[in-house]
Each structure stands twice: as structure tokens, then as C-alpha cells.
Amino acid sequence: MAPIRTVAALLSLGLLTAACSSDDQPPRPTGASGNTSGMVAAAASVDLYTRDPQRVNVGLFMPDNSFVSFGTVDVSFSLLGDTAQAGGRPGPTATAVFVPTYGMPNERSSRPVVTQPDEGRGVYEATDVVFDAPGVWVAEVTADVRGLGPQTAQVSFAVQEHPSLPAPGDVAQPTENLTVRSKGVPLAAIDSRAASTGTIPDPELHQWTIARAIAEARPALVVFATPAFCEVRFCGPVTDMVGNLSRRYDDRAVFIHIETWKDHDKQKLNEAALDWLQLPNGDLTEPWLFLIGSDGTIVDRWSSMWSEREVETELEALPAMKG
């Protein structure tokens, strides 16, 4: 069974690279401890690659496991140089905006502030970042934290030549995922929350297969997440977000939730999750969100955390469906 690496769970522990096992993490920046203040950074994006503009998410923590939340931070990227060198080649810069967990307000502070996890859980998102070469990259994050002043932290992460998972521009796999009409499977294999409730809380997300959406030329917004077994309850909120979007934009796309686990007790994963989310090293990473166009091509994708407004904007750009 492929190990599952929940990005949110790794973030909650302050680990530096999501979806990496202990023996495949990229090296840390040469000559740096990973931070020059009390703040610690964690890479929250998975499957980064060269040339195409991408979102890069970073979680920020303090040594006592409190979060740095809200406002914006500055991020500068550099390609890590030879280990004999003190630094790397400068790359792009960006302003990263805080993206809170769905359902949590984002208006508490216009500046970064130290919070407890139940007050400000989320990530900082830099958009349209282009990496011009594969290798190990470093993100240096600078945050003017209220009450602490400027804080700086670094984190390294891998960038590949090409994506390992389905990416924008790829033809979507015509997956026959489980739905409410699937026979001979427990309800929890369709939505893990049914293991405790006995019912599927959002049946509107379990009506369509990806294969049917493609065959009928329907755009589809597909979330891969395990709401009941996500250690820090990130997957539930992102699934709730997609459910909310489905009720407001049902004329623009079909909405699909694919449960990660077929049988959590026996540690068996659903084939649909393996088809879409298994990395070359055998690990599986989630949560993910994919927008598939009416022509069956992947339009966009989001990993770990995402802004509801970003997704709304892309749904609003779709033409209204007929019938």
C-alpha cells in the first residue's frame, strides 16, 4: 500500500517538505539553519515543476507550534548552488497572501500575527511563480509580524523538469470513480464521513464520475480528500468548500468529491485516488483540487490549500451549461 502523505498533517507538525518521506527530503540551504529568527517555514506545495506559472504555498510557524497568520509576506526564491558555495542563483520574487482554512475569517489582521491553530490555520500563497530550472530551490520568507517585527525563515523544496501528477494542459483520465450508485462498496469508501454518520453528508458531490463528465462534455471540479481521516481537519473544510461552490455554480460545472480511502481500517486506497495522486516514489499526496474543461483537458489544479475566491473566478469564467 502506498503511504499517504497529507499535506495539512505534515504542516501541522512543522515539517519542511510535504509529501516527502524521511529519506528523500531535499537538502537544507547551505550555511543556514533554516531561519534567522524564531519563525520557521514549511513548504506546503507538492509536484512543482519548471516553466509554467504556479502557486507556491508556505506555512509559517513559531517554535512553540503557534502559527504566523494573516496579511502578506515577501518571498524570494533562489536555485540552490553547489554545496561548496554559500548561496544559490537568485530567482523570482513574490508577495504571498494568507489563505485561511475554509470557514475561518481572513480579516483579523492586515499584518502577519502569531495565532493559535484554531485562530489562524492556513498558508501563504505566492502566485504565478515560474522556475526556470529543475533542482533544489530555496524560499526565503520575510514577515513583519505584529509585536515581533521582521522575521525571516528559509525552506528548501524540489522542482522537477515536468510534473509527476496530472497538470494543466494534460488530458484528464476518464476515471470511473465511486458514486452513490456504486454497488457492493461501503458508504465510507464513497465519503469517509459515512463511517461515523451512516450517511453521505453531501450526496450532490457523488453523482458523477469523471468519465461521464468527459463523455458528456461537462466541465468538472474534482476534489480529492478524506474528510474523516485528515489528521488536522483540513480535508473536511476543502470538501465543504466544494460543496458550497456546487450549490452556487451548478450551472457552470459538475462537482465531484473523490474519497481517498476505500477501507481505512485495512489501509486500502481507492483506485481513483491512486490513478491521480500517486507520486513516482509510491507515496500518495492529498488534498488536491482539479478543474477539468468541457473538452476533457485539465484547466487548473490546486494542492494543499486554496482560496475559494480563486476557484470562484475560474468557475465564473466558464460558459453556462445547457440542459
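## Core, sheets and salt bridges in a predicted model

The largest nonpolar core has 32 residues, and Leu60, Val73, Phe77, Phe131 and Phe157 have the most contacts inside it. A nonpolar core here is a set of buried Ala, Val, Leu, Ile, Met, Phe, Trp, Tyr and Cys residues joined through side-chain atoms within 4.5 Å. Buried means under 20% relative accessible area, exposed over 50%, and partly exposed in between (1.4 Å probe, protein chains only).

Before going further, please note that this is a predicted model: local features need pLDDT of at least 70, side-chain atom pairs count only at pLDDT 80 or more, and totals for chains, interfaces and linings use all residues. Residues are numbered from 1 along each chain as its sequence is written, and side-chain values use heavy atoms, with hydrogens and water left out.

Two or more residues come from each of β2 (40-43), β3, β5 (72-79), β6, β8, β9 (135-145) and β10 (149-159). Of these, β9 gives the most, with five residues. Helices (H or I, at least four residues) and strands (E, at least two) are DSSP runs, numbered from the N terminus. For a closer look, take Phe77: leaving aside neighbours within four places in sequence, its contacts (heavy atoms within 4.5 Å) include Val56, Pro90, Val129, Phe131, Trp137 and Phe157. In soluble globular proteins, nonpolar side chains tend to be buried together.

Strand β8 (residues 122-129) is largely enclosed by the rest of the structure, because six of its eight residues are buried. Two strands pair if DSSP finds at least two bridges between them. On that basis, β3 and β8 pair in the antiparallel sense over four bridges, with Val56 opposite Ala126 in β8. Strand β6 (residues 89-100) also runs antiparallel to β8, joined by four bridges, and here Phe98 stands opposite Tyr124.

Four strands, in the order β12-β11-β16-β17, form an open sheet with mixed pairing. β12 (254-259) and β17 stand at the edges with a single partner strand each, so one side of each is left without a neighbour in the sheet. Neighbouring strands of this sheet are turned by 15° against each other on average, direction ignored. Axes are lines fitted to C-alpha atoms, for helices over the stretch in contact, and angles run from 0 to 180 degrees between N-to-C directions. Strand β16 (residues 288-292) pairs with β17 in the antiparallel sense over five bridges, and Phe290 stands opposite Arg301 in β17. Helix α6 packs on the sheet, touching β11 (220-225), β12 and β16, and its direction makes about 160° with that of β11. Helix α8 (residues 308-316) packs there too, touching β11, β12, β16 and β17, at about 170° to the direction of β17.

**Salt bridges.** The structure holds 17 salt bridges, each a side-chain nitrogen of Lys or Arg within 4 Å of a carboxyl oxygen of Asp or Glu.

| Pair | N to O distance |
|---|---|
| Asp300 and Arg55 | 2.8 Å |
| Arg247 and Glu204 | 2.9 Å |
| Asp251 and Arg252 | 3.6 Å |

Asp300 counts as buried, at 11% relative accessibility. Finally, a network of salt bridges links Arg248, Glu308, Arg309, Glu312 and Glu316.
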